[in-house]
Amino acid sequence: MTTTDAEIIDRSRLQPEAFAEIFDRHAPHIQRYLARRLGREVADDLVAETFLAAFGKRERYDLGRPDARPWLYGIATNLVGQHRRDEVRRFRLREAAVPDEAGHADRVATRVAAQALRAPLADALAALTAEDRDVLLLVAWEELSYEEVAGALSIPVGTVRSRLHRARRKVREALGNPTALEELLSNG
């Protein structure tokens with residue numbers, strides 16, 4: 001019989017080295033999720049942060065939940081949000097420190113070129129609220145159940161359903177093709 005994550009986490013409270021088994025089981029899943037969200041370079045750092053945070057919070061882990069993966073996805077998703085907020089802050093600081101030397105035509109040309117290079121799915125996902133995007137990506141890319149997403153994000157299952165429905169509708173509308181969403185997300 002396989003030992004549950006809850007049993008391992010419980011054991012790790014007295015034997016901290018036991019937590020390494022949680023890392024071994026789930027790090028590849030968390031790595032893939034974070035790489036899809038932020039790129040491979042950032043993902044490596046955030047995987048480490050995810051498991052460091054989980055290790056620090058293991059005393060509060062609900063031992064009634066045998067699978068720790070939704071809990072880990074919740075920690076990782078929170079770190080994605082924190083990373084993006086930090087990135088925006090850094091960008092704004094750099095922008096404020098550098099005078100605008102480019103002319104209007106250069107700025108317009110840069111914006112047009114950037115928009116032409118963006119993938120339609122990236123645009124559609126970027127247009128979603130962070131909350132809707134988190135639910136959609138946890139279901140589509142990580143194949144979590146509604147209940148697992150609810151646990152990962154600490155929201156009711158009904159909220160997962162409504163956010164997912166809204167996100168799918170908005171992405172389908174943005175792509176202009178009812179089947180494009182499933183095709184693009186399965187390749188993402």
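1. Let's start with Val157, which sits in helix 9 (residues 157-175). Helices here are DSSP runs (H or I, at least four residues), numbered from the N terminus. Keep in mind that this is a predicted model: local features need pLDDT of at least 70, side-chain atom pairs count only at pLDDT 80 or more, and totals for chains, interfaces and linings use all residues. Residues are numbered from 1 along each chain as its sequence is written, and side-chain values use heavy atoms, with hydrogens and water left out.

2. Is Val157 buried or exposed, or in between? Val157 counts as partly exposed because its relative accessibility is 26%. (Buried means under 20% relative accessible area, exposed over 50%, and partly exposed in between, with a 1.4 Å probe and protein chains only.) Setting aside neighbours within four places in sequence, Val157 touches Tyr146, Glu147 and Ala150; contact means heavy atoms within 4.5 Å. Ser145 is twelve residues from Val157 in sequence, and their C-alpha atoms are 9.7 Å apart.

3. Now look at Asp132, in helix 7 (residues 130-140). With 2% relative accessibility, Asp132 counts as buried. Apart from neighbours within four places in sequence, its contacts are Arg163, Arg166 and Ala167. From the C-alpha of Asp132 to that of Val160 is 8.5 Å, although the two are 28 residues apart along the chain.

4. On to the rings: the whole structure has four aromatic pairs. One of them is Tyr33 with Tyr73, an edge-to-face pair with 5.3 Å centre to centre and 85° between the planes. (Rings of Phe, Tyr and Trp, the last by its six-membered ring, pair if their centres lie within 6.5 Å; planes under 30 degrees apart are stacked, over 60 edge-to-face, and the rest tilted.) This pair links distant parts of the chain, with Tyr33 in helix 2 (residues 20-38) and Tyr73 in helix 4 (residues 69-97), 40 residues apart. Tyr33 counts as buried because its relative accessibility is 0%, and Tyr73 is buried at 0% too.

5. Helix 1 (residues 5-12) packs against helix 2 at about 145°, with the axes 9 Å apart. (Axes are lines fitted to C-alpha atoms, for helices over the stretch in contact, and angles run from 0 to 180 degrees between N-to-C directions.) Which residues meet there? From helix 1 come Asp5, Ile8, Ile9 and Arg11, and from helix 2 come Glu21, Ile22, Arg25 and His26.

Methods: Helices (H or I, at least four residues) and strands (E, at least two) are DSSP runs, numbered from the N terminus.
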